[in-house]
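Here's a quick walk through the domains, sheets and core of one protein model. Keep the structure viewer open as you read.

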Amino acid sequence: MVLQRLERELSAAYPVDAPEPTSTREFELRAAPGTTQQFDGRLLDVWAYNGQVPGPVLRVRLGEEVVVRLQNDLPQPTTIHWHGARVPNAMDGVPGVTQDPIPPGGSFTYRFVPKDAGTFWFHPHVRGAEQVERGLYGVLIVDDAETLPYSRDEVWVLDDWRLGSDGQVDPRFVTRHDLAHDGRWGQMVTVNGDAAQQLTVRPGERIRLRLVNTSNGRVYRPDFGSLEPRVIAVDGMYTARPLPIDGFELAPGNRLDLDIAIPADGSGRSYAITDRFTRRPFTLATIRADGEPVSTPTFEAPSNPNVPGWDGAVERPVDVTYVLNAQRGGEHGIQWTINGRPWGEHEVTELEGGRWVRVRFQNDSARLHPMHIHGQFFKIIARNGQPVDPPYFRDTVLLRPRETVDVGMVPLDWGRWMMHCHILEHAEAGMMTEVDVGGD
Ligand code: C2O
Ligand code: CU
């Protein structure tokens, strides 16, 4: 009974199938080493898509088919994974699971019709701890079928860089130190590649700001001070209603879409956005209001009233448990494990499509783990055994040391999907497994 109700509540929340495409958008991406102006304009050796870090923002409209031809001119094999976008399994970009790695000099064409409008991103799924850190990432925006009347729509890509004494990206990847901690945290934090990002707007504007955390390990907790943004989407999907941002955290992989009304009387004012995740708060970026005020667009913020409440979900037994921990061994000296097994020795979890499941993540370690499931959205139903009911879905959830998080989900996308920690060093050292969604 409960089960059927939980499944019924999901059915209106997001579609099973992609819309029938009305047109096709084609993009060319070339992954290659290069030199860019980064931070404050200084030259940095990077690996980049189309010569820029962050890579290009690929913008399409819901209902369009996306075709991306990737040319690999890196000295390593690569792939692209479309983080958060529900794509056909064969387009998911995971070597050895859904496709062969693209060798140096090779190419591959990704083709899919997005099922959901929202903020997604893309990155390699081969040696991610190195390739993403060197600069390979970009944003995929799927616009709603109908344009929303924001006065501006901006993307802020958050990243941090660990630089060596020569000022270049430190080429020591997946170190024992990174593995014994929360992955690789860099000393240089950038927004859109800029160490002092400033967005200039007119007073009275109402902006949609999309935050994307592409860092290997760093978590952000942005504080917008007096601007009081409202959260309208988490991990790409609209929330049931606009929410205050209080304490919202972006772990690696997470996205947050904000609706911000700039005060009309604030010409000449600057608003600092401060990161408060660590003990040492610092300015992430600033928004500056300048010029003549404009009249603020009034309209109802987008939302998804069909996000299920799933009350009663905690009455259901736990179907799948993932225990997260570390052990000695492996090529890096430390292995991160799921149920005591590193990637390669993992057990594939079989799930039935269309069936509600309760999945438990149990962190037995003293480190952070943002756990991500490809191709699915889930909703948190309990933390440390206490029922909670956030009115939104996620594709990545941050577990704190020794924390247990239960999520509910109804897999609607068939195939073999990765489930892993999005701290890329932890993933590289084994913290990955597979979920196989089957049935008819
Ligand atoms: Cu951004 Cu396997 O994920
Ligand atoms: Cu982890």
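Two strands count as paired if DSSP finds at least two bridges between them. Strands (E, at least two residues) and helices (H or I, at least four) are DSSP runs, numbered from the N terminus. What you're looking at is a predicted model, where local features need pLDDT of at least 70 and side-chain atom pairs count only at pLDDT 80 or more, while totals for chains, interfaces and linings use all residues. Residues are numbered from 1 along each chain as its sequence is written, and chains are lettered from A and ligands numbered from 1 in the order in which they are written.

Start with the open sheet of four strands, ordered E2-E1-E4-E6 with mixed pairing. Its edge strands are E2 and E6 (107-112), each pairing on one side only. Neighbouring strands here are turned by 25° against each other on average, direction ignored; the axes behind that angle are lines fitted to C-alpha atoms (for helices, over the stretch in contact), and angles run from 0 to 180 degrees between N-to-C directions.

Another open sheet has five strands, in the order E21-E29-E28-E23-E26, and its pairing is mixed. Strand E21 (349-352) and strand E26 (396-399) sit at the edges with a single partner strand each, so one side of each has no neighbour in the sheet.

| Strand pair | Bridges | Sense |
|---|---|---|
| E1 (residues 23-38) and E2 | Eight bridges | antiparallel |
| E21 and E29 (residues 432-438) | Four bridges | parallel |
| E23 and E26 | four bridges | antiparallel |
| E23 and E28 (residues 415-421) | Three bridges | antiparallel |

Some residue partners to click on: Ala-32 has Ala-48 in E2 as its bridge partner, and Leu-351 stands opposite Val-437 in E29.

Is strand E23 (residues 369-373) mostly covered or mostly uncovered? It's mostly covered, with five of its five residues buried. A residue is buried if 20 or more other C-beta atoms lie within 10 Å of its own, exposed if 12 or fewer, and partly exposed in between, with C-beta atoms placed from the backbone. In a regular strand, side chains alternate between the two faces of the sheet. On E23, His-369, Met-371 and Ile-373 are on one side, Pro-370 and His-372 on the other, and all are buried. His-369 stands opposite Leu-399 in E26, while Ile-373 stands opposite Met-419 in E28.

Now for the core. A nonpolar core is a set of buried Ala, Val, Leu, Ile, Met, Phe, Trp, Tyr and Cys residues joined through C-beta atoms within 7 Å. The largest one has 111 residues, and Leu-211 and Leu-399 are among those with the most contacts inside it. Strand E2 (residues 42-49) gives the most to this core, with five residues. Beyond its neighbours within four places in sequence, Leu-211 is in contact (C-beta atoms, placed from the backbone, within 7 Å) with residues including Trp-156, Leu-158 and Pro-222.

Finally, the domains: an automatic or database assignment sets the bounds, giving domain 1 (14-143), domain 2 (152-289) and domain 3 (309-438). The C-alpha centres of domain 1 and domain 2 lie 21 Å apart, and 24 residues of domain 1 are in contact with 24 residues of domain 2. Strand E7 (118-123) is one of the elements giving two or more residues to domain 1's side, and its five residues are the largest share.

Technical notes: Two residues are in contact if their C-beta atoms, placed from the backbone, lie within 7 Å.
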